[in-house]
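Please look at the sequence and structure first.

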Amino acid sequence: MKLKLRNEVVNRLIDIVGVDAVISDKSELVVYECDAYTMQKNLPSAVVLPGSVDEVVQVVLLCKKFNLPIIPRGAGTSLSGAVLAVDGGVMIALTRMNKILEVDPRNRRALVEAGCVNAWVTREASPHGLFFAPDPSSQSACTIGGNIATNSGGPHTLKNGVTTNHVLGYEMILPDGSIEWFGVKPDGGEDVEGYDFRGAAIGSEGMFGVVTRALVRLVKKPASFKTFLAVFDSVEQASCTVSDIIAEGIVPGALEMMDQVITQALEEAYKVGFPTDAGAVLIIELDGLSGGVKQQAGQVELICKRNKAREVRLAKDDYERNALWKCRKRAFGAVGRLSPNYVTQDGVVPRSKVPEIMRFIGVVSEKYNLCIPNVFHAGDGNIHPLILFDERNPDQVKKALLAGNDILTKCVALGGSVTGEHGIGAEKIDFMNKQFAKDDLEAMKKLRTVFDPEQRCNPHKMFPGAKRCAEFMVKKQASA
Ligand SMILES: Cc1cc2nc3c(=O)[nH]c(=O)nc-3n(C[C@H](O)[C@H](O)[C@H](O)COP(=O)(O)OP(=O)(O)OC[C@H]3O[C@@H](n4cnc5c(N)ncnc54)[C@H](O)[C@@H]3O)c2cc1C
């Protein structure tokens, strides 16, 4: 953006939200140059932190007037570059709009602002015996607006379903400044009249408008839990256990895998008694009425033993259960001890193919001589290989990109997908042609223009042909 225009826009933004809620200094904008996908970086022209729906509307109208890109942002924990300001523009961060406006236990729902942190919803609902089911591992930071835009999953969405199953309705400011409510209204019943655009815009990666408020579903806490840590000598044995549990018709509340590198990093960080010599561990959580849970627990233990689990530990109480989950949810963070950088892949394979994709990841790791530990939602077949590299080493950057490419290509070949929950963002654009037919892509683009005819909202994401950040282009050319 030209300096004169930028200064004018910044001044107008300050008029709308006040000087404390506008960031325009380059040294501060650096914080917003990328999300948790750090392969591509670019500064937005300005970041604005509105405090009300009216302020969001005024900012959006200003962007319309100056024909500027709008980049909605929550906590910036996206792992696919979904919040990247590819072409500059005004980043609208919702983090000041973080209130829980109402918890309605009778109707089992809550009305929240889009910048509300995911975990806060369950914290407020908990005294009523309720919780918000989508629980991304980033839930202590990520926002409900970000969850809606990426249709987030989490360890416990295996049984409960992902964000789209738990968001009844939401308010979105369209790029022309209009305020629309999609789905169930806060003061209405559960029926939606007319087309259900609610579902269409969930997972639209910030490309349809800015979500400002959401009406979310609250679910009754299960009556009982049994949470196991099953310890295996090999990833292969753990992978076979996953497909056997599902094949038996058991749907655990959560079924997560961590390999040796991850358990070692976690043990070093938190000292919770993970076996550091194990090839892989599974966290298997059963929930529901105690009779059914008890019966399933017996079946699960047998399946683990059949696959040569050397130990199946049951969490004795809430303290031990919480410790297991705390570690699982901090696994990505613990990897920071192992490598200056990592890129997290988010492929999906049919559950029966988990053993095969895990073997393949081992082959890719050797091929590129990169360490690729795994911590993932095994029950969903949603793999998260963490490709470790050092961004100061161009050869490693190139290899990390190639390794990710190989793994995701294999996921598609196995009948899966290139994303389970992190979205396409700026990262996986090149895969869209492999995953979708031309007509499908055209239909998706057309749907987008219903909401954003000028395609100014979070531009250059998801669709092939999108512009890339200059820095990334340089890196790509260097690797060619
Ligand atoms: C350690 C770690 C663990 C993770 N674990 C999981 C996991 O288990 N499951 C999972 O699904 N994801 C996971 N993620 C990815 C990420 O946390 C989720 O995608 C999350 O939903 C992003 O929320 P956010 O508030 O950080 O959004 P951001 O990263 O800020 O934005 C993500 C996308 O949402 C859009 N957006 C944000 N807010 C709005 C809004 N108000 N209106 C319109 N669009 C908006 C942005 O434009 C962007 O396209 C993890 C990330 C990390 C770093």
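## Around the ligand

A polar side-chain atom of threonine 77 lies 2.6 Å from an oxygen atom of the ligand. Backbone atoms also take part: a backbone N or O atom of proline 72 is 2.6 Å from a ligand oxygen, and a polar backbone atom of glycine 76 is 2.8 Å from one. A polar contact here is a pair of N or O atoms within 3.5 Å.

There are 36 residues around the ligand, and Pro72, Thr77, Ser138, Thr143 and Ser152 come nearest; a residue counts as near if one of its heavy atoms lies within 4 Å.

## Basis of the model

This is a predicted model, in which local features need pLDDT of at least 70 and side-chain atom pairs count only at pLDDT 80 or more, while totals for chains, interfaces and linings use all residues. Residues are numbered from 1 along each chain as its sequence is written, and side-chain values use heavy atoms, with hydrogens and water left out.

## Helices α1 and α3

Helix α1 (residues 3-17) packs against helix α3 (residues 53-65) at an angle of about 160°, and their axes are 10 Å apart. This makes the two helices roughly antiparallel (angles over 145 degrees). The contact (heavy atoms within 4.5 Å) involves Val9, Arg12, Leu13, Ile16 and Val17 of α1, and Glu55, Gln58, Val59, Leu62 and Lys65 of α3.

## Helices α8 and α13

Helix α8 (residues 235-247) and helix α13 (residues 354-368) pack at about 155°, with axes 8 Å apart. Therefore α8 is also roughly antiparallel to α13. In α8, Val235, Glu236, Ser239, Cys240 and Ser243 meet Val354, Pro355, Met358 and Arg359 in α13.

Technical notes
Axes are lines fitted to C-alpha atoms, for helices over the stretch in contact, and angles run from 0 to 180 degrees between N-to-C directions. Helices (H or I, at least four residues) and strands (E, at least two) are DSSP runs, numbered from the N terminus. Angles under 35 degrees count as roughly parallel, over 145 as roughly antiparallel, 65 to 115 as roughly perpendicular and the rest as oblique. A polar contact is a pair of N or O atoms within 3.5 Å; within protein, one must be able to donate a hydrogen and the other to accept it, and residues adjacent in sequence count only if both atoms are side-chain atoms.
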